[in-house]
Amino acid sequence: MAEVEKDDYERLLEEMLQDPEFREAWEADEAEYQMRCAIIEARIETGMTQQQLAAALGVSRQTIISLESGKYNPSILLAHAIARLFGTQIEDIFLFEEEEV
């Protein structure tokens, strides 16, 4: 199997992003990925394990695992508690998008 060059990947992605439906899905996934990374990075930077973070927030370790894997979106209260614990604003970790009415 031929090795795919990074340039090939970037070229293909650029082509695919021309499709508005693909771009919308890509951007939605990218925002969610950035949120998950922000939680993981903040936890690691503070030297906390998932269990320690869960205990500090009063939730289960499974809740933290679900947040970090993108399977769960926190309530506004939990999002606020996470941001406060890490000494940051909610917007610095969580991306809120307005739904079209």
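Trainee: Which residues does S66 touch, not counting residues up to four places away in sequence?

Mentor: In this predicted model, S66 touches K71 and Y72 once residues up to four places away in sequence are set aside.

Trainee: Where is S66 found, and is S66 buried or exposed?

Mentor: S66 is found in helix α4, and S66 counts as buried because its relative accessible area is 13%, which is under the 20% cut-off.

Trainee: Which other residues of α4 are buried, and what do they pack against?

Mentor: Helix α4 covers residues 61-69, and its buried residues are T63, I64, S66, L67 and E68; the elements that these buried residues pack against are α2 (20-45), α3 (50-57) and α5 (76-85).

Trainee: And what happens just after α4?

Mentor: Just after α4 comes G70, which takes a positive phi of about 80°.

Trainee: Going back to α3, how do α3 and α4 pack?

Mentor: Their axes lie 8 Å apart and the packing angle is about 110°, which means that α3 is roughly perpendicular to α4. The contact is made by Q50, Q51, L53, A54 and L57 on the α3 side, and by R61, I64, I65 and E68 on the α4 side.

Trainee: Which hand does the crossing have?

Mentor: The crossing in which α3 passes α4 is right-handed.

Trainee: Changing topic, how many residues are in the largest nonpolar core, and which have the most contacts inside it?

Mentor: The largest nonpolar core has 19 residues, and those with the most contacts inside it are L57, I82, F86, I93 and F94. At least two residues of this core are supplied by each of α2, α3, α4, α5 and α6 (90-93), with the largest share, five residues, coming from α5.

Trainee: What is I93 in contact with, leaving aside its neighbours within four places in sequence?

Mentor: With those neighbours left aside, I93 is in contact with M35, A38, I39, I82, A83, F86 and T88.

Trainee: Now the whole chain: how many helices and strands are there?

Mentor: The chain has six helices and zero strands, so from the N terminus on its elements read α-α-α-α-α-α.

Trainee: What about burial, surface and contacts across the chain?

Mentor: Of the 101 residues of the chain, 29% count as buried, while the accessible surface comes to about 7800 Å², with 50% of that area belonging to carbon and sulfur atoms. As for contacts between residues at least 6 apart in sequence, 41% of them join residues at least 24 apart.

Notes
Residues numbered from 1 in each chain as written. Predicted model: local features only at pLDDT ≥ 70, side-chain atom pairs only at ≥ 80, totals over all residues. Heavy atoms only, no water. Helix = DSSP H or I, 4+ residues; strand = E, 2+ residues; numbered from the N terminus. Buried < 20%, exposed > 50% of the residue type's maximum accessible area, 1.4 Å probe, protein only. Contact = heavy atoms within 4.5 Å. Areas by Shrake-Rupley, 256 points an atom, 1.4 Å probe, with all protein chains shown as cover. Core = buried A, V, L, I, M, F, W, Y, C linked by side-chain atoms within 4.5 Å. Axes fitted to C-alpha atoms, helices over the stretch in contact; angles between N-to-C directions. Parallel < 35°, antiparallel > 145°, perpendicular 65-115°, else oblique. Left-handed = near helix turned anticlockwise from the far one by under 90°.
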